Amino acid sequence: MKKLFLAAFSLLIFTTAFSQSEIKTLFNLPSVDIKNVKGEPFNTKNITNNGKPVIITFWATWCKPCMKEHDAISDIYDDWIKETGVKMYAVSIDNSRSSKSVQPLVNGKGWEFDVLLDENGEFKRAMNVNVPPHTFIVNGKGEVVWQHVGYLEGDEAEYIEIVKKVLKAK
Amino acid sequence: MKKIILINLLLILAIIPVFTFSQDILSGGKVTGNVQIDGQFYSEDSKLGISDSSLNYKKFGMNGFANFIYTNGDFSAGMRAEGFLNPMLGFDPRYEGYGVPYWFAKYKTGSLEMTAGHFYEQFGSGLVLRSWEEWTLGYDNNIYGFNVHFSPIKGVMLKGLVGTQRYFWEPYENSNRGIVRGFDGDFYLNDMFESLAESKTKIDLGGSFVSRYEKVPNLTFSRDSAYIQINELGDTSEWIQRTTYQYDLPYNVGSWAARANIASGGFNFYLEYAQKGNDPNATNNYIYKKGSAVYSTLSYSTKGLGLFLATKWIDNMSYKSKLTESGNPPMLDINYLPAITKEQPYSMATVYPYATKQNGEFGVQAQVAYNIPKNSAVGGKYGTNLTFNYSLAKSIQKDPISADIPVDSSGTEGYKTNFFSIGDLTYYQDFNVMAEKKFNSKVKAKLAYFNQTYNKNVIEDDIFDEEEMVHANIGVLDLTYKFDAKNSLRMELQGLFTKEDKGDWAALMLEYNVSPSWFFSVQDEFNYGNPVSTDQIHYYNFSLGYNEGSNRISLRYGRQREGLLCVGGVCRYVPASTGLTITLTSSF
């Protein structure tokens, strides 16, 4: 009994400490009306993945590190889905100058993640994004649990580590 | 002993739900935000002609903001504090100061969303109304007033707003600038009508109406007419007769736009047409002509291939909430006229950038993106990506309204033009191709070529009657080498070749990254071909940065090249400078 108690207690401590240092709720995903890549209305509350984690990246067609980030993720996206069931939403902050060229570019690049259009930066402001790239990880309950500014070659390895931790934390 | 442990365990179990419950209540309201502080220490640099007196003894510049948003369920409120003490070089001195130029309160109930305070909004593609902000440009035309979004039935979104716009730190007071009113509707037919719900063709229609009220000032203009008089003795004398007229300025200037988006299969077609009423203002040299604009895009894409075509035609479409406002930085813009050129990410390809000319411009753009598939002969193991882009901006045809009144004369109709007429003067042209290839798990390369034609008179000085062309060829090689999962080296080698303006440039940048936290870079842009030998300057920079989650701090020491910094087709002039820049950004 004592052992059981100790085990339960240490598990409790461990998970609490764990969830506080690594996976803690930062804020809930805000509800903002933007558009999907086809130009149809889309509310950001619908960024969901059947209870599994979601990665949200803010990007633009003129942002060099963003394109590098997406190319790198595109190479391993299939593996990520198989391994964790994660889904990625790439939110373009291109304004009306280039927003209509986003879909042909995404298709031309062969990217398979979901793409959304935030032409006037409404979602960007609600998520407190300064400059792209800015990446968020959202848990199955629609809570943002992790965020990261900028992209350096190899950063995507950390994203998938966090996604795995989110899956474990459940 | 066992009993005590059991009680302990029960106590803990009892506490857990209480703890989570109280957390739920606390998490009902949440504050989030972000901060950015840029500080620059300027040094004297005789090579760039910078001395303490040319800096006005402002040896330190600081631009900073902090955003806070409080959210609780369907209610949110926020504010942004800004400080420019002193504004960094290249920002208008009228920004000097500290304050809260943006705050709002917003709630949503059912199908109604209401914002009081400051807000950003866009109707359609922005041809008649767009308020937005871009920190790096010092651009902010937020509207201060009320904004309502209402969706009475599925597929219909109505928007209405009334307010005044930001002008540096100057508060709105009775009549010191105009009031903007606007109404917009979006109608997604496939959502509105069940019979269309299953259709593969999606149709959206939309329309906007915007009006500006301004208590107009008393403004006059004069016109000179010369005549020659001959007296009885046969002497001739030349006389100039100056007549002063009062402008007939409208209190209300209206504009409207209609738009349609049709998507079917891989095709997407967008068309927007806008018109603006008689609006004599400082930007159009006070002519009475109406304005109009058309913006259209057509794209087709399927996995591995994307085609994009865009065209626009703009005639006299500068629309501001104060008619006497003009120049740089652009303030009080009610509408947004998208530039039709591609925004380039490489520094040498932005030495000669483009921004829309609001008084008249024709533009066209074409882009092809193609992915040569993986495991094909040309594509290699990882595939190869090709992008081709062409854009062109030209004047529109402007004919005089009569033989004795020159084009653009104040207090007249200004000129005559036919819809979609194209003039002779080229403003800008950019042809570029880029190939991207991943060779193996360690090496990636991008190779790009740009051919740009830049009309310096038009773009930099608004001179339209004489052209000064700069023809530039630019090559870029961007190589990334990955040592392991965390360490990588990136090299950018660029060259710009032109016989005009400042001549040839060569640029080299080396960047060492340690994911996810550190980056170091050295860079030199060398204007070795400058015809003035003392201006053959090395613009060197050393940078280092540290990322930790959503915090980022970076340091940069070196020389800033003079030029136009453009984001989204709006440009800011950045003067040359030397010094240390510290940037701190954080989100929470």
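Of the 170 residues of chain A in this predicted model, 61% count as buried, where buried means under 20% relative accessible area, exposed means over 50%, and partly exposed covers what lies in between, with a 1.4 Å probe and protein chains only. Residues are numbered from 1 along each chain as its sequence is written, and chains are lettered from A and ligands numbered from 1 in the order in which they are written. Because the model is predicted, local features need pLDDT of at least 70 and side-chain atom pairs count only at pLDDT 80 or more, whereas totals for chains, interfaces and linings use all residues; side-chain values use heavy atoms, with hydrogens and water left out.

Chain A has 5 helices and 8 strands, helices being DSSP runs of H or I with at least four residues and strands being runs of E with at least two, numbered from the N terminus. Read from the N terminus on, the elements of chain A follow the order α-β-β-β-β-α-β-α-β-α-β-β-α. Among contacts in chain A between residues at least 6 apart in sequence, 71% join residues at least 24 apart, a contact being a pair with heavy atoms within 4.5 Å.

The strands of chain A can be followed through an open sheet of 8 strands, which has the order 1-8-7-4-5-6-2-3 and mixed pairing; two strands pair if DSSP finds at least two bridges between them. Strand 1 (27–28) and strand 3 (41–43) of chain A stand at the edges with a single partner strand each, so one side of each is left without a neighbour in the sheet. Helix 5 (residues 156–169) of chain A packs on this sheet, where it touches strand 4 (54–59), strand 7 (134–138) and strand 8 (143–149) of chain A, and its direction makes about 165° with that of strand 8 of chain A, the axes being lines fitted to C-alpha atoms, for helices over the stretch in contact, and the angles running from 0 to 180 degrees between N-to-C directions.

Strand 2 (residues 33–36) of chain A pairs in the antiparallel sense with strand 6 (residues 114–117) of chain A over 2 bridges, and A:N36 stands opposite A:L116 in strand 6 of chain A. Strand 2 of chain A also runs antiparallel to strand 3 of chain A, to which 3 bridges join it, with A:N43 in strand 3 of chain A as the bridge partner of A:D33. Strands 2 and 3 of chain A form a hairpin with 4 residues between them, and A:G39 in the turn has a positive phi of about 90°.

Helix 3 (residues 102–109) of chain A is mostly covered, with 8 of its 8 residues buried; among them are A:V102, A:L105, A:V106 and A:K109. Just after helix 3 of chain A, A:G110 takes a positive phi of about 75°.

Chain B comes to 3 helices and 32 strands, and its C-alpha atoms fill a box of roughly 135 × 60 × 60 Å, taken along the principal axes. Of the 588 residues of chain B, 48% count as buried, and 59% of the contacts in chain B between residues at least 6 apart in sequence join residues at least 24 apart. Chain B exposes about 27,700 Å², with carbon and sulfur atoms supplying 61% of it.

In chain B, strand 18 (residues 291–302) and strand 19 (residues 305–315) pair in the antiparallel sense over 11 bridges, and B:S301 stands opposite B:G306 in strand 19 of chain B. These two strands of chain B form a hairpin with 2 residues between them, and B:G304 in the turn has a positive phi of about 95°. Strand 19 of chain B also pairs in the antiparallel sense with strand 20 (residues 360–372) of chain B over 11 bridges, where B:G363 is the bridge partner of B:K312.

B:L386, found in strand 21 (residues 384–394) of chain B, is partly exposed, with a relative accessible area of 35%; leaving aside neighbours within four places in sequence, B:L386 is in contact with residues including B:V368, B:Y370 and B:M434. B:S554, in strand 29 (residues 551–560) of chain B, is buried, with a relative accessible area of 16%.

Methods: Accessible areas come from the Shrake-Rupley method with a 1.4 Å probe; for residues, only the protein chains shown count as cover.
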